[in-house]
Amino acid sequence: MKLFDPTSKPVERAIKLAPRPASPRGLRLGLVDNTKFNSDTLLKKLAARLAARHHMTVSATNRKRSPSHEIDEAGVAALRAQTDLVISGIGD
Amino acid sequence: MSIDEAADPAALIEAYYDAGWTDGLPVVPPSDASIAATLAAAGLQGHEVLGQIPGRNVEVIADKAATNAVMAGCRPEYMPVVVAAVKSLCEPAFAYHGPASSTGGSAMVLVVNGPIARRLGINGGNNAFGQGHRPNATIGRAVRLIMMNAMNTRPGFLDRATLGNPGKYAFCFAEHEEDHPWEPLHVARGLRREDSAVTLIASNSLYQIYNQLASTPEPLLRCFADALSNAGSPNLRGFNETLIVFAGEHADILKTAGWGRLDVQRFLMEHTRRRVADYKRAARIPGAITADDETTWRHVFERPEDILIACAGGRAGSWSACLPGWGKKWTRSITTRVEGGET
């Protein structure tokens, strides 16, 4: 008798990580608001602290269609072009 | 993996438990023959891709779907319905990640319409949501096993339900098309009456609605409106999508009054509401209560078609049901035509 494995492994995708910034100082910051309660509040507070400590500036904000949806291609392209560091968070 | 436990089927079932491949209930151990028969019944080759969820790096392969269907106890001829349900899960508009992973713990509710429901004997009559009918139990279970095993949606990992609900084991029923005031659900959603179809909606919960005294639509439907606007209902902010299932006596009241599907939807749209002040008192909307909040209404539904209506259940009894959706803003119900399985 055999066992039949009913599971599937995740499909592998080649992912290339962006180069890590050498220093946090003065980075352009992107914020991704997933639309959950307080997500925007949390992100703004984080951005304010990063601005105070590391002189970062918010250069792009993306508000997702919903927490379930991915950022669309145009949003990804904008973040890629306009930011050095992106923060996403839940908040509730 | 080979296992020398042919003489003891219970040991084989235990091996599936040990591997972590069950939903907590014993599974039917598959064989090459049962998997092949299941694929053949849906006209599939084992390597075919039934659907993808790119954001989760998931591809649902026919062979794995068939294996899980056999494990769930499906007969081969159920497979076309399972495949249609899987395709619905993978529709981008369903937005799988949310309803599958959320703390809300949604059941994947399947409403089956058309000739295949009758041919397979999917129950849409007495105890339509309950136990006792193999296709109802095993088709719904197959979908959940596929989610767990072939779509990597396991409790505690990518299924983060706080409580979950019993419908997460299996939730599949047929619409009672012969006992219906209007056209069936799949026709209302654009398919032909002679088509077979599965409608998938992610639902957190099931409220049974009782009313034995109402003899006209308005008081009857006010019970539904009240249930669907309770202060603890999710998704007050983003407008909801909900499935309502009318059983025989309540459907008769609507039919006798000459109300159409759209009349019911419009009434519910108008009356499913609470004052903003009520929601603020319950901390469902932030902020201090203002004088305007006492007279300002918050409606639950945005459009009539956000209220899906199906008919099922027994002739006797003053019961119907609401199955609030996990949220229109974040997921949409999906109706998929069942391909194959005509004979």
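Predicted model: local features only at pLDDT ≥ 70, side-chain atom pairs only at ≥ 80, totals over all residues.
Let me begin with helix α1 of chain B, residues 9-18, whose buried residues are B:A11, B:L12, B:A15 and B:Y16. If you look down the axis of α1(B), these buried residues fall within an arc of 150°, so they line one face of the helix. The buried residues of α1(B) pack against α3 of chain B, residues 62-72, and just after α1(B) we come to B:G20, which takes a positive phi of about 80°.

Now let us turn to strand β3 of chain B, residues 107-113, where seven of the seven residues are buried, so the strand is largely enclosed by the rest of the structure. In a regular strand the side chains alternate between the two faces of the sheet. In β3(B) both faces are covered, with B:A107, B:V109, B:V111 and B:N113 buried on one side, and B:M108, B:L110 and B:V112 buried on the other.

Which strands pair with β3(B)? Strand β5 of chain B, residues 197-203, runs antiparallel to β3(B) and is joined to it by seven bridges, with B:N113 standing opposite B:A197. Strand β4 of chain B, residues 172-174, pairs with β3(B) in the parallel sense over three bridges, and here B:L110 has B:C172 as its bridge partner.

Finally, consider B:S333, which is found in the loop between β11 and β12 of chain B. Is this serine buried or exposed? Because its relative accessibility is 8%, and buried means under 20%, B:S333 counts as buried. Its side chain makes a polar contact with the side chain of B:R189, at 3.0 Å, and the residues that B:S333 touches include B:L200, B:I201, B:E241 and B:L308.

Terms used
Residues numbered from 1 in each chain as written. Chains lettered and ligands numbered in written order. Heavy atoms only, no water. Helix = DSSP H or I, 4+ residues; strand = E, 2+ residues; numbered from the N terminus. Buried < 20%, exposed > 50% of the residue type's maximum accessible area, 1.4 Å probe, protein only. Polar contact = N/O pair within 3.5 Å; in protein donor to acceptor, adjacent residues only side chain to side chain. Contact = heavy atoms within 4.5 Å. Arc of directions from axis to C-beta. Pairing = 2+ DSSP bridges. Lists of a residue's contacts leave out its neighbours within four places in sequence.
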